[in-house]
Amino acid sequence: ILVTWTKGFKCSSVEGKDVVSMLRKSIKKRGDFDIDIVAVVNDTVGTMMTCGYDDHNCEVGLIVGTGTNACYMEEMRHIDLVEGDEGRMCINMEWGAFGDDGVLNDIRTEFDREIDMGSLNPGKQLFEKMISGMYMGELVRLILVKMAKEGLLFGGRLTPDLLTTGHFETRYVSAIEKEKEGLQKAHEILTKLGVEPTHEDCVATHRICQIVSTRSASLCGATLAAVLRRIKENKGVDRLRSTVGVDGSVYKKHPQASPVIPHGTSIWIPKGPHSFTTPEGHITHGDILRSSFLLCSFARRLHKTKILEALKLSHEQLLEVKQRMRIEMEKGLAKETHAEATVKMLPTYVCSTPDGTEKGDFLALDLGGTNFRVLLVRVRSGKRRSVEMHNKIYSIPAEIMQGTGEELFDHIVYCISDFLEYMGMKGVSLPLGFTFSFPCQQNNLDEGILLKWTKGFKATGCEGEDVQAISSRNNPHNPTPLQEFDLDVVALVNDTVGTMMTCGYEDPYCEVGLIVGTGSNACYMEEMRNVELLEGEEGRMCVNMEWGAFGDNGCLDDIRTEFDVAVDELSLNPGKQRFEKMISGMYLGEIVRNILIDFTKRGLLFRGRISERLKTRGIFETKFLSQIESDCLALLQVRSILQHLGLETTCDDSIIVKEVCTVVARRAAQLCGAGMAAVVDKIRENRGLDFLKITVGVDGTLYKLHPHFSTVMHETVKQLSPKCEVTFLQSEDGSGKGAALITAVACRIREAGQ
């Protein structure tokens, strides 16, 4: 009974029918001869039987030609479709349909999908379309067209022949990929297709043909390994001696196929020996020598896969991260365990959001990274309700970030003085909100003790001190002392809280703040009854989680990689802020750089040569991740970015670097999403709701500028917290505007009290 047509056949009224009966009917219709049909045989089974006549160890058949398939001798006790437990029977695998259920989607490319959509049987025989001769030439053609469109080949010029389906035949692939005459063949074939190729075009086409063919052979070898492993386990032997009968034009004629398939198989089934026999003969010694070289290359690629797999988190691992975050949150809120908690869950004394009646002029300071901002914020109420802002950005030199606290705050005071002079407001008295984006123990809205520096700051004499007190000190040696102007510091604000307040001004559902930029942190409105560090059980208070320290107690060690450990050990604060070092902008580029060094040492990148630039810490800035991962960026531009960093690269190098950037950034986004899922689920459970609708205010360059970070993070939250409808609202200057709004709310409440 024909189950399904393949290999381009599409004759109607045959599927589901007995093909022997149809053949007999046609013979009878002709009427001039009579034949007794004894057996209907699959070509793969025929190949196994032919080779088995000469080699009694042959118990597997393989076809890699126009189509592909395999068969092998299975134990009868395992074949539930047939009665009986004794002996063995040949199983026709029909493995061309492997992947039709989506299990290969993670390795199928855009070209595989395009071939499938344009085929006679879309969605079927997906594995066959990745490895067989019928589709290999078309796969190469689609790659050449895409690269030409992106200006990477043929000077960006396309010809009608190159654009026509089927015009790049599979036999061209085997001719071009040959080592000696391959380049000459590439020139002849491309010229025949109307292209005027340069030498570089021929080299690229030669390489593309090799890559497509090698992938086909490697996939074939991997699946064949599964068959041999099953036979070995069926027999219960430690060492299997087996022969595979092989036929098909791709296996016989392609220079990459016959070496890679058997030796790719031996990687997965090391206890052989396995021999491969064609009906005409055996593999030559030259093939074996050549395959040794390919095997080394293949082993290096396996190392790359192993390294990157460790950075890919499963749904179960992300659920576990969410649960661990929840446990650490509870520890930080509880009075008994707060001291030992890594996620500190600090009270912020922010208990109210803007109600629209706030008005006045406010100053805001924003210190949270390598830049420092001073802002004048004008808040208007009533019908003309609005927030108008003026600001100026000042840089903080590294020597000040890591100098003394006195030098740091003298610099801040100088910046305030310069700004007021710039705005023509010298001598005025204004309420001020100070966005200080570092872990603080707040004892009141305007009083905060710095617990520890993060984000590369290391100024001495600050940790354990009240930030406002430090900033208010008068230094007689300062050329612009604080007495030149009068400021009323009303609120000490974390940038995450400021982000939540800014978005809360626009959306009343906003009760969570998130920063993913140089560093990372979150805050949310917690029930007062759960904030055990403070008296009172009524109402809510915003809690500054300080989640960057999540994992400092070792609870994330099982998902941290050797590269996370290396980045941590060489940081300014080893052992601290481990979660932040896995997800924030300050460290992602450094993780990528360490992976690239490892790959280069193993000969996977940059021809195995580690440049001095690559050895330099901080050279691979996180902004390069965003640029390299941009969907509209061609590999040539990726190569340009790497060359700008002093790295001489090939096209293959660019592909690997892009893959590394993708994996590192995706993990960061997923971890961030897992943490956020823990937060929104806690809010839902706090309120005893079956379903929660909530908005998260977000800020930070990584979230805003990376092309895929936000999408991956949103998907992760949705998957891990299905009972929450979470909207993400980008903050418009949360750290500055938010500080002013918190100050405005505090002034409104203070005036009402007076």
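Which residue in β16 is the bridge partner of Leu-346? I looked this up and found Asn-544 of β16.

**Ground rules.** I note that this is a predicted model, in which local features need pLDDT of at least 70 and side-chain atom pairs count only at pLDDT 80 or more, while totals for chains, interfaces and linings use all residues. Residues are numbered from 1 along each chain as its sequence is written, and side-chain values use heavy atoms, with hydrogens and water left out.

**Sheet.** I took helices (H or I, at least four residues) and strands (E, at least two) as DSSP runs numbered from the N terminus, and I counted two strands as paired if DSSP finds at least two bridges between them. Leu-346 belongs to an open sheet of six strands, which I read in the order β6-β16-β15-β14-β17-β18 with mixed pairing. The edges are β6 (346-347) and β18 (724-730), each with a single partner strand, so one side of each is left without a neighbour in the sheet. I then followed β6 to β16 (540-544), with which β6 pairs in the antiparallel sense over two bridges. Helix α17 (495-506) packs on this sheet, and I listed its contacts (heavy atoms within 4.5 Å) as β14 (510-516), β15 (520-527), β16, β17 (692-699) and β18. The direction of α17 makes about 135° with that of β14, where axes are lines fitted to C-alpha atoms, for helices over the stretch in contact, and angles run from 0 to 180 degrees between N-to-C directions.

**Helix pair.** I next looked at α5 (133-149) and α9 (199-235), which pack at about 135° with their axes 10 Å apart. That angle makes α5 oblique to α9, since angles under 35 degrees count as roughly parallel, over 145 as roughly antiparallel, 65 to 115 as roughly perpendicular and the rest as oblique. From α5 I noted, among the contact residues, Met-136, Leu-139 and Ile-143, and from α9, including Ile-208, Val-212 and Arg-215.

**Positive phi.** I recorded two residues, keeping in mind that most residues other than glycine have a negative phi. Ser-13, not a glycine, has a positive phi of about 60° and lies in the segment before α1 (19-30). Lys-455 has a positive phi near 60° and sits in the loop between β12 (447-450) and α16 (467-472). Are these two buried or exposed? Ser-13 counts as exposed at 55% relative accessibility, whereas Lys-455 is buried at 8%, with buried meaning under 20% relative accessible area, exposed over 50% and partly exposed in between (1.4 Å probe, protein chains only).
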